[in-house]
Amino acid sequence: MAFLFNLYPQSLVSNSRLYLSLSFSLSESSMAAIPQPSQPSPTQISKIKYIKKVAESPGLTSVPASYAFTPSPSPSDQAVSEDPEDSIPVIDFSLLTSGTPDQRSQLIQQLGQACKDWGFFKVINHGVPESLMEAMIEGIRGFFNLTDEEKREFEGKNLLDPIRCGTSFNTSIDKVFYWRDYLKVVVHPEFHFPNKPAGLSELSLEYCKRTRGVARELLKAISESLGLEPFYIEKVMNLDKGLQMFNANFYPPCPQPELVMGLPPHSDHGLLSLVTHNGIGGFQLQHNGMWVNVNAIPNSFLVNIADQLEILSNGKYKSILHRAVVNKKVTRISLVMTNGPSLDKIVNPAPELVNNGINQPAYHGITYKEYFQWQQGNNLDGKGILDRIRI
C-alpha cells in the first residue's frame, strides 16, 4: 500500500476504481461472522461495549433501558422543520482557489453571511475525489465490522490518546447511553491510525491531508470575511501544529428510534469541522428555534463553525447546536474532520475585532488543550463548556 503515498492529485482521480475496489475489499475482508445469541438480558447489555452488537441481537424489538431517553417536555426542544428542502448556503470551493478576483470577493461575502446567519454551509467542488470519500466510508465500515476483541486494542484510556474507539460519548459518566459507536484518531500534527483493516491507514492519510487543505483554505477566506488578513487565523492559531482529529460515527438501526439519541445537541470544540456520510439522513442542526434536517449534496462537505472560531471572532460567528438521530432500517456512518489550533494555544477574541474597547471581549482566554479536555471529559451538554468562559 505504500504506493498511495506518492499519488499526485490528478492520479487520484484516474485511480478512482483502485480506491473503490480497495474499499470494497476492506469491507468484505473485515466482516466477522456475528454470533447469534438469544435476546440479551439487562445484565448482558451492561457488559456489551459496542451498540453494534446490541443492535444486531436477534429478536431485539425494544430499546434497553440504559439507552432510553425521557423526551423533553418543552415542544421547542423537539420541533423539527417541516420544510423538506433546507436552505443551508452552498459554497463553491473552486471559486476560492481558481475563480476571478471578483468571483472570490463575492464568495467571501457569501461565506461570511453563511457563517453569521447559519454557522453551517455546504461545500461543493472541493477537489477531494468522490472515490476517495466513498472508499473512506467503506473502510470505516470495515473497521466497525471488526470483532470486539480486535477493536479492543484501539480503545485507549485517556482523552488525548492518539487512537480511541468505544460507544456512546463518555460511558464513565453518561447516565443514558447514546445509540452510537465511534472511532477518534489524532491525525495531525502527527498521523496515527488503526492498522486494521488492512490498507485503511494509507487511505486515511491521503484523506486527512486533502481535507486539512480544504479546511485551511476555508479559514483563509473566513479570516478575510472578518476583515482580517488572509493568513490571520492560520498564524494566530498556529495551524502548522494544529490538532486535526478524524472522528467516525456508526449509528446502527434501532427498533424504537424515537426513544434514543445518536448524539445529543452539542457544538464542536475546534475551529472548523468538515462532515460527510454514507448518504443516510440523521444530521439535524438548530436554526431559528427549529431543528433542520440536513439534506446532503453528493460529493460535498457539510462545514460548521466550531467553538474556538466563535471565541476568536468574539461571537460574530457562532458555533451552532447540532445532533444525530437514528432510524429503524439502515446504518448511518458519518466522518467528521475536526480542525483546531495547536493544543498549547491560548484562544482569545482577536484584538482587531474588539475595536479598541468599543466592543468588550466576550470570552475569557483558555488553552485549546484545557477546552478539549473539559468538553470531552464531561457530559455532552449543548454549549455548556463555552458558556462557562463567556464574559
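Analyst: On a 1 Å grid over the protein atoms alone, a cavity is a set of points where a 1.4 Å probe fits but cannot get out, and its lining residues have an atom within 4 Å of a point. The model is predicted, with local features needing pLDDT of at least 70 and side-chain atom pairs pLDDT 80 or more, while totals for chains, interfaces and linings use all residues. Residues are numbered from 1 along each chain as its sequence is written, and side-chain values use heavy atoms, without hydrogens or water.

By this rule there are two cavities of 30 Å³ or more. The largest cavity has a volume of about 340 Å³, a volume being the space filled by probe spheres set on grid points joined across faces, edges and corners. Its lining comprises 26 residues, and those nearest the centre are Asn249, Leu263, His266, Asp268 and Val336. Two or more lining residues come from each of strand 5, strand 6 (263-266), strand 11 (322-324), strand 12 and helix 13 (368-376). Helices (H or I, at least four residues) and strands (E, at least two) are DSSP runs numbered from the N terminus.

Two of these lining elements are partners: strand 5 (residues 244-251) and strand 12 (residues 332-339) pair antiparallel over eight bridges, pairing requiring at least two DSSP bridges. Asn249, named above among the residues nearest the cavity centre, has Ser334 in strand 12 as its bridge partner.

Contact here means heavy atoms within 4.5 Å. Of the contacts in the protein chain with a separation of 6 or more, 79% join residues 24 or more positions apart.

A pocket is an open set of points with protein on both sides within 12 Å along at least five of seven lines. The second largest pocket has a volume of about 470 Å³, and of its 21 lining residues Cys165, Gly166, Thr167, Thr171 and Tyr182 are the closest to its centre. Strand 3 and strand 4 are the elements giving two or more residues to this lining, and strand 3 gives the most, with four. At 3% relative accessibility, Cys165 counts as buried, because buried means under 20% relative accessible area, with exposed over 50% and partly exposed in between (1.4 Å probe, protein chains only).

Away from the sheet, strand 8 (residues 283-287) and strand 9 (residues 290-293) run antiparallel, joined by four bridges. Leu285 stands opposite Val292 in strand 9. The two strands form a hairpin with two residues between them, and Asn288 in the turn has a positive phi of about 55°.

Taken as a whole, the protein chain has 14 helices and 14 strands, and 52% of its 391 residues are buried.
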